[in-house]
Amino acid sequence: MARKSGLAALMSGQPLPAPPKRRFFNKKKLRTFLIHSGLVFLCMLYITLGAVLFYSLERPIELDMRDKTIEALKVEQEILMKVSASMNDNFDDFEAFNSSIAPLLDEYQSALFEMFRNPISANVFESMVFHNSDYVDMWTPSSSVLFAATTMVPVGFGLITPTSSLGKLLLICYAIIGIPLALVTTSDLGKFFCLFMYKLLNESMKASMAIFIILLILYPFGGGIIISLVSDMTWIDSVYYCIMTIFTIGYGDFQPPIPVVFLIIFIVVGVTLVTVSIEVVGSNIIHHIHYMGRQMGRAKEIAGKMMQIAQKLSINRGLGLGMAQLGAFAKFGMMMRVDSTHHNGQVVQDEDSTGTFRSRKDTAFEPEIHIDFVDGFSAF
């Protein structure tokens with residue numbers, strides 16, 4: 001006997017087959033998870049490769065320029081000291097010495113400003129002034145990772161930049177590939193986050209929009225408070241730094257006051273939040289605009305139909321009034337006796353049954369035919 005299923009099995013008394021167990025990870029979900037996590041892994045790999053590439057290319061150039069700047073600075077200092085010492089021996093008058101050494105100081109100052117044009121040389125001078133001559137490296141593994149990440153996102157702090165021609169060309173190619181990859185990844189992450197919040201809030205678009213706006217406001221302020229607590233930056237500067245970062249403005253007027261790993265996570269989450277918030281709010285506004293446009297289109301269509309109906313009613317009413325007036329004129333003609341007619345502009349006098357004559361007044365126009373038969377109806 002064949003086993004029945006569904007409603008037939010229920011009516012025949014047979015036990016229903018047990019529903020298949022739902023697996024937490026089926027093939028479709030696993031494939032979807034691998035695709036989306038693969039995008040994140042690909043971005044991380046791309047950032048790592050970019051950091052290694054630019055560090056290996058720019059680090060030797062930085063060290064070489066650092067050594068050349070320090071050597072050139074020593075040479076300029078030795079020349080200045082020798083010339084000033086010889087001038088001091090030759091001049092007994094202090095004023096004459098000052099007037100003679102002024103051109104030499106100008107030349108030394110011009111040489112220093114010429115060195116300042118190179119960012120590595122400028123970093124050498126800053127290290128001498130602010131770090132007791134301890135050179136602060138520009139291209140480090142952490143700064144290279146931050147450089148590669150902020151190029152992809154793109155925030156672009158501009159704290160370090162390639163100085164070689166090959167580095168600049170490679171950076172152009174790196175940005176052309178990396179920026180679309182980062183945008184696709186952040187949009188993908190934002191989509192999942194948006195769907196999660198949408199389902200969590202019972203598919204309420206207004207509630208989702210309100211939540212995202214609140215998060216967008218609280219995120220930079222919360223990050224600013226944390227940065228101000230763990231660094232020497234003020235609260236205003238910290239909030240300013242966070243807003244400039246997550247909105248990908250990135251003026252680069254502040255050094256990153258937190259470790260690079262946490263800074264990259266902060267940037268990625270903040271940029272994703274900004275993207276999702278703008279998308280949710282923008283789509284909601286566009287939806288309302290389209291809704292209003294559709295309603296206005298329907299209202300226009302309804303108004304056009306109402307105008308057509310009104311025109312038909314006016315025409316029918318006009319025809320009705322015209323027929324009523326014709327009926328009234330007919331009745332008026334039947335009640336009145338018209339004794340005289342006008343034919344070709346002449347007064348015609350008719351004699352009635354009593355022998356008296358009545359004449360009609362001249363009119364501007366009168367048809368050719370005789371309408372004396374109307375008078376005949378007066379007898380009825």
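Biologist: Hi! What does the accessible surface of the protein chain come to?
Modeller: About 26,500 Å², and carbon and sulfur atoms own 68% of that. Areas here come from the Shrake-Rupley method with a 1.4 Å probe, and for residues only the protein chains shown count as cover. This is a predicted model, so local features need pLDDT of at least 70 and side-chain atom pairs count only at pLDDT 80 or more, while totals for chains, interfaces and linings use all residues. Residues are numbered from 1 along each chain as its sequence is written, and side-chain values use heavy atoms, with hydrogens and water left out.

Biologist: Thanks. How much of the chain is buried?
Modeller: Buried residues are 26% of the 380 in the protein chain. Buried means under 20% relative accessible area, exposed over 50%, and partly exposed in between (1.4 Å probe, protein chains only).

Biologist: And how many helices and strands are there?
Modeller: The protein chain has 10 helices and four strands, in the order α-α-α-α-α-α-α-α-α-β-β-β-β-α. These are DSSP runs numbered from the N terminus: helices are H or I with at least four residues, strands are E with at least two.

Biologist: Where does UniProt put the transmembrane region feature?
Modeller: The unreviewed entry lists several spans, including 138-157 and 260-286. UniProt positions use the numbering used here, feature names are shortened, and annotations may be inferred rather than shown by experiment. In the model, residues 260-286 are 100% helix and 0% strand, with end C-alpha atoms 38 Å apart. Residues 138-157 are 60% helix and 0% strand, and their end C-alpha atoms are 13 Å apart.

Biologist: What about helix H5, is it mostly covered or exposed?
Modeller: Mostly covered, since nine of its 12 residues are buried; among them are Ser143, Phe147 and Met152. The length of H5 (residues 141-152) also agrees with expectation: it should span 16 Å at 1.5 Å a residue, and its end C-alpha atoms are 17 Å apart. The expected span is 1.5 Å times one less than the number of residues.

Biologist: Switching topic: what does Ser277 touch?
Modeller: Ser277 touches Phe212 and Leu216, leaving out residues up to four places away in sequence; contact means heavy atoms within 4.5 Å. Ser277 sits in helix H9 (residues 260-335) and is buried, at 2% relative accessible area.

Biologist: Which residues make the nonpolar surface patch?
Modeller: The patch covers about 890 Å² and includes Ile213, Phe221 and Trp235. Helix H7 (205-230) and helix H8 (235-246) are the elements giving two or more residues to it, and H7 gives the most, with seven. Patches take residues with over 30% relative accessible area and no salt bridge; like charges are joined within 9 Å, nonpolar side chains (Val, Leu, Ile, Met, Phe, Trp, Tyr) within 5 Å.

Biologist: Last one: how many salt bridges turn up?
Modeller: Five in the whole structure, a salt bridge being a side-chain nitrogen of Lys or Arg within 4 Å of a carboxyl oxygen of Asp or Glu. One joins Lys68 to Asp64, with the closest N and O atoms 3.3 Å apart.

Biologist: How far apart are Lys68 and Asp64 in helix H2?
Modeller: They are four residues apart in helix H2 (residues 27-90), so about one helical turn separates them. An α-helix has 3.6 residues a turn, so residues three or four places apart point the same way. Elsewhere, Arg117 pairs with Glu114 at 3.4 Å between the closest N and O atoms, and both are exposed. Arg59, Glu62 and Asp137 are linked in a network of salt bridges.
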